[in-house]
Amino acid sequence: MAWFLNPIIKTVKNKFVSKEEPVKETKTEPKEEKKEAVAEEKPKKDFLVAPQPKKPQIKKQPKKEKAIDFHLSRGRSGEHYIAYLQAGTNTYSDTDTLQKIYKELLSHPKVSGLIIGTRPDCISSEILDILEDLSHSNYIAVEYGIESVYDTTLQRVNRGHDFQCAIDAVAKTSSRGLDVGGHFIIGLPGENREDIISGITKINALNLDFIKFHQLQIYRSTPMAREWVEYPERFALRDYTAEDYVDLMVDIIRRLDPSVAIERFASQAPRHLLVGSMLGGIKLDRLRAMIVARMRELGAVQGDMATK
């Protein structure tokens with residue numbers, strides 16, 4: 001795990017005096033000296049030479065306080081907070097560094113727990129020892145980016161681990177008394193609607209405590225972006241509308257073990273970063289309302305068609 005500070009780089013304008021017409025001076029009093037207007041021109045960017053960044057200015061306010069203030073500014077207040085280590089792989093470091101970071105977050109009087117996002121192939125018994133120890137006095141949960149239950153898909157998207165790796169990671173984490181969650185992507189290349197529905201049985205067998213679903217979103221300048229453009233037939237759910245996605249999600253929910261808390265139906269990346277997305281610009285609150293309405297219309301509940 002690494003923390004990054006983005007240095008602020010300021011381009012300084014280059015000032016020069018035109019060589020075509022020399023500077024003219026009067027021979028009267030020095031204070032009436034007249035100079036030709038100075039031209040200004042921005043230097044050409046040299047992409048081969050890295051600019052020298054200024055030293056980043058470290059603000060006095062700790063990141064923990066900034067995070068709490070962020071929620072307070074949006075009317076979300078509470079007596080206690082759970083620190084969510086979401087982006088990146090938050091177990092990818094040596095145990096001393098990880099323990100220091102986890103304990104620093106938990107040292108805040110208003111932080112009473114951690115949710116740690118990571119990969120199934122980046123967990124170890126030593127790290128689980130740390131988390132289990134912290135869980136004796138704090139809420140600790142681990143969520144894994146599993147993405148698919150099919151090894152062919154995981155290999156195709158160059159995930160770097162197979163589904164058995166996820167099975168083992170979830171089982172080991174759960175055996176320590178920690179809550180465990182999983183992330184899954186809907187619409188990966190090579191998977192159709194029937195594959196996704198059939199895969200719910202394998203998800204149920206994981207015995208997760210919570211789950212988060214994401215619709216496929218294609219970022220620009222990636223290998224999958226090129227595949228999305230050149231081989232559209234590989235993406236069976238490519239032309240799904242919001243209504244299509246709602247119907248699929250309802251079928252998933254009805255087959256999902258009712259003991260698994262659904263924490264997310266979809267996600268939302270900045271649209272200017274994407275070359276393709278299944279849901280377009282629909283707001284997540286609106287999508288959730290559509291799913292709930294369809295469930296009520298059918299008289300359906302989570303797990304009423306579940307099998308293990």
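Helices (H or I, at least four residues) and strands (E, at least two) are taken here as DSSP runs, numbered from the N terminus. This is a predicted model, in which local features need pLDDT of at least 70 and side-chain atom pairs count only at pLDDT 80 or more, whereas totals for chains, interfaces and linings use all residues. Residues are numbered from 1 along each chain as its sequence is written, and side-chain values use heavy atoms, with hydrogens and water left out.

## The chain as a whole

The secondary structure comes to nine helices and ten strands. Of the 308 residues in the chain, 37% are buried, where buried means under 20% relative accessible area, exposed means over 50%, and partly exposed covers what lies in between (1.4 Å probe, protein chains only). The chain exposes about 19700 Å², and carbon and sulfur atoms supply 51% of that area; the areas come from the Shrake-Rupley method with a 1.4 Å probe, and for residues only the protein chains shown count as cover.

Among the contacts (heavy atoms within 4.5 Å) with a separation of 6 or more, 78% are accounted for by residues 24 or more positions apart.

A269 lies in the loop between β9 (261-264) and β10 (274-277) and is buried, with a relative accessible area of 10%. Leaving aside neighbours within four places in sequence, A269 is in contact with Q217, Y219 and L274. The C-alpha atoms of A269 and Q217 are 7.5 Å apart in space, although 52 residues separate the two in sequence.

V142 is placed in strand β5 and is likewise buried, with a relative accessible area of 0%. With neighbours within four places in sequence set aside, V142 is in contact with I116, T118, L131, T173, L178, D179, V180, G181 and F210. V142 and T91 are 51 residues apart along the chain, and their C-alpha atoms are separated by 9.9 Å.

## The cavity

Rolling a probe the size of a water molecule over the atoms shows where empty space is left. The search is made on a 1 Å grid over the protein atoms alone: a cavity is a set of points where a 1.4 Å probe fits but cannot get out, a pocket is an open set with protein on both sides within 12 Å along at least five of seven lines, and lining residues have an atom within 4 Å of a point. Grid points are joined across faces, edges and corners, and a volume is the space filled by probe spheres set on the points.

Across the whole structure, one cavity of 30 Å³ or more is found, and the largest cavity holds about 110 Å³ of space. Its lining consists of 14 residues, of which F184, I185, E191, I196 and I203 lie nearest the centre. Both β6 (179-186) and α6 (193-205) supply at least two residues of this lining, with the largest share, five residues, coming from α6. By class, the lining has nine nonpolar, two polar and three charged residues, where Ala, Val, Leu, Ile, Met, Phe, Trp, Tyr, Cys and Pro count as nonpolar, Asp, Glu, Lys and Arg as charged, and the others, Gly among them, as polar.

## The second largest pocket

About 780 Å³ of space lies in the second largest pocket, which is lined by 27 residues, with E147, R159, H183, I185 and H214 nearest its centre. At least two lining residues come from each of β4 (111-118), β5 (139-147), β6, β7 (210-215) and β8 (217-219), and β5 gives the largest share, four residues. The residues of this lining divide into ten nonpolar, twelve polar and five charged.

## Backbone angles in two loops

Most residues other than glycine have a negative phi, and most peptide bonds are trans. N207, in the loop between α6 and β7, has a positive phi near 60° and counts as partly exposed at 49% relative accessibility. S221, in the loop between β8 and α7 (223-230), also has a positive phi near 60°, but at 78% relative accessibility S221 counts as exposed.

## Cysteines

A disulfide is a pair of cysteine sulfur atoms within 2.5 Å, and by this rule the count comes to zero. The sulfur of C122 has its closest cysteine sulfur in C165, at 8.6 Å, and is therefore too far away for a bond. C122 is buried, with a relative accessible area of 18%.
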